[in-house]
Amino acid sequence: MSHLPDSRHLAMAAALVKETHANGGLAPLDLERFWADEAIAGRDPFGAAAPQVALGIRMSFECVFDELGIPEDWNRYYHDNAWRVSLAKPYNDLSERIVGRRLLPETPPPPPDRVWPAPRELHDIFEARNVFHNDSFWLQSSASTVDELRALLDR
């Protein structure tokens with residue numbers, strides 16, 4: 001069997017592209033069936049009854065900037081809850097049209113005094129600073145010598 005597409009495959013691809021263009025750039029998909037099948041696959045991803053491979057991921061904020069056509073501002077995203085929430089609604093309006101679901105939370109997080117303590121992270125465990133710089137968090141060194149590292153690990 002050849003690994004190259006034959007005329008039948010090319011015709012199938014051309015038909016799919018034509019249908020996608022006619023549908024505003026979206027491939028034809030029965031969204032209700034997809035999400036119902038996703039629920040089944042999610043309950044037992046490796047089971048014989050799974051009608052599709054479980055999606056296994058959920059949407060996060062990374063694509064909001066591009067989808068809404070706004071400049072990336074990660075510092076503001078991480079530190080301005082009201083702004084982050086204000087972007088969720090227009091993004092969800094798009095996602096609902098495309099995938100049939102509102103994917104991002106549209107409610108602000110509870111005030112800090114109403115939230116369980118966050119799980120400890122690497123910077124907590126190693127007594128380091130986690131600095132936001134150049135649109136990302138950077139773990140700062142917390143030991144400069146073998147003895148400092150040894151003491152840190154003992155703690």
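Predicted model: local features only at pLDDT ≥ 70, side-chain atom pairs only at ≥ 80, totals over all residues.
1. Ground rules: residue numbers start from 1 along each chain as its sequence is written, and side-chain values use heavy atoms, with hydrogens and water left out. Local features need pLDDT of at least 70 and side-chain atom pairs pLDDT 80 or more, while totals for chains, interfaces and linings use all residues.

2. The largest nonpolar core has 11 residues, including Phe61, Trp74, Trp83 and Phe132. Core here means buried Ala, Val, Leu, Ile, Met, Phe, Trp, Tyr and Cys joined through side-chain atoms within 4.5 Å, with buried being under 20% relative accessible area (1.4 Å probe, protein chains only). At least two residues each come from α3 (64-68), α4 (74-79) and α5 (81-99), and α5 gives the most, with 4. Helices are DSSP runs (H or I, at least four residues), numbered from the N terminus.

3. Tyr91 belongs to that core. Beyond its neighbours within four places in sequence, Tyr91 is in contact (heavy atoms within 4.5 Å) with Met59, Cys63, Val64, Glu67, Leu68, Leu103 and Leu104.

4. Tyr91 turns up again at the largest pocket, among the lining residues closest to its centre, along with Met59, Ser95, Val99 and Leu103. α5 gives the most to the lining, with 5 residues; by class, the lining has 13 nonpolar, 1 polar and 2 charged residues.

5. Asn92 also sits in α5, and counts as buried because its relative accessibility is 0%. Its side chain makes a polar contact with that of Glu106 at 2.8 Å (N or O atoms within 3.5 Å, one able to donate a hydrogen and the other to accept it; residues adjacent in sequence count only if both atoms are side-chain atoms).

How values were computed
Buried < 20%, exposed > 50% of the residue type's maximum accessible area, 1.4 Å probe, protein only. 1 Å grid on protein atoms, 1.4 Å probe; cavity = no way out; pocket = protein on both sides within 12 Å on 5 of 7 lines; lining within 4 Å. Nonpolar A, V, L, I, M, F, W, Y, C, P; charged D, E, K, R; others polar.
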